[in-house]
Amino acid sequence: MSGVWVFKQNGVIRLVENPSTSKVLVHLPTNQKIKSYSQLERILTALGWERYYDDADLLQFHKRNSIDLISLPNDFSKFKSTHMYDIVVKVPDTFHVRDT
């Protein structure tokens, strides 16, 4: 991940991503860029993930017979590389994050 670590006086540290380098989530079997949550949901559902409706502010998916939970912001425009990498870790060999 590219960006700058920002250290605040209260001890909070966060990564501010480099706006000139944007990332995209790619579905490896089809080499398609994920451009919407509906597209992502179709793929995850086909892989055995179920929609989880516990929090109205989040789009969540749970893998049956596992403790894995993918939590995403409801607004696709707020879908950031940290969310993409979370998906890559939880759904190995299916997704990849690339620079655009």
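**Notebook: core, ring pairs and backbone**

I looked up leucine 44 and, leaving aside its neighbours within four places in sequence, found it in contact with Trp49, Phe61, Ile70, Val91 and Phe95. Contact here means heavy atoms within 4.5 Å. I note that this is a predicted model, in which local features need pLDDT of at least 70, side-chain atom pairs count only at pLDDT 80 or more, and totals for chains, interfaces and linings use all residues. Residues are numbered from 1 along each chain as its sequence is written, and side-chain values use heavy atoms, with hydrogens and water left out.

**Core**

I then looked up the largest nonpolar core, which has 17 residues. Such a core is a set of buried Ala, Val, Leu, Ile, Met, Phe, Trp, Tyr and Cys residues joined through side-chain atoms within 4.5 Å. Buried means under 20% relative accessible area, exposed over 50%, and partly exposed in between (1.4 Å probe, protein chains only). Leu44 is among the residues with the most contacts inside the core, as are Leu25, Leu40, Ile70, Leu72, Ile87 and Phe95. At least two core residues come from each of helix 1, strand 6 (58-63), strand 7, helix 2 and strand 8. Helix 1 gives the largest share, four residues. Helices (H or I, at least four residues) and strands (E, at least two) are DSSP runs, numbered from the N terminus.

**Ring pairs**

I found three aromatic pairs in the structure. Rings of Phe, Tyr and Trp (its six-membered ring) pair if their centres lie within 6.5 Å; planes under 30 degrees apart count as stacked, over 60 as edge-to-face and the rest as tilted. Tyrosine 37 and phenylalanine 76 are edge-to-face, at 4.9 Å centre to centre with 90° between the planes. This pair links tyrosine 37 in helix 1 (residues 37-46) to phenylalanine 76 in the loop between strand 7 (69-73) and helix 2 (81-90), 39 residues apart. Tyrosine 37 counts as buried at 11% relative accessibility, while phenylalanine 76 is partly exposed at 27%.

Tyrosine 37 also pairs edge-to-face with phenylalanine 79, at 5.7 Å and 75°. Phenylalanine 79 is in the loop between strand 7 and helix 2, so the pair ties together parts 42 residues apart in sequence. Both of these residues, tyrosine 37 and phenylalanine 79, are buried. I noted Tyr37, Phe76 and Phe79 as a cluster linked by ring pairs.

**Backbone**

Most residues other than glycine have a negative phi. Asparagine 31, in the loop between strand 3 (23-27) and strand 4 (32-33), has a positive phi near 60°. Aspartate 93 also has a positive phi, about 65°. I located aspartate 93 in the loop between helix 2 and strand 8 (95-99), where it is exposed at 72% relative accessible area.
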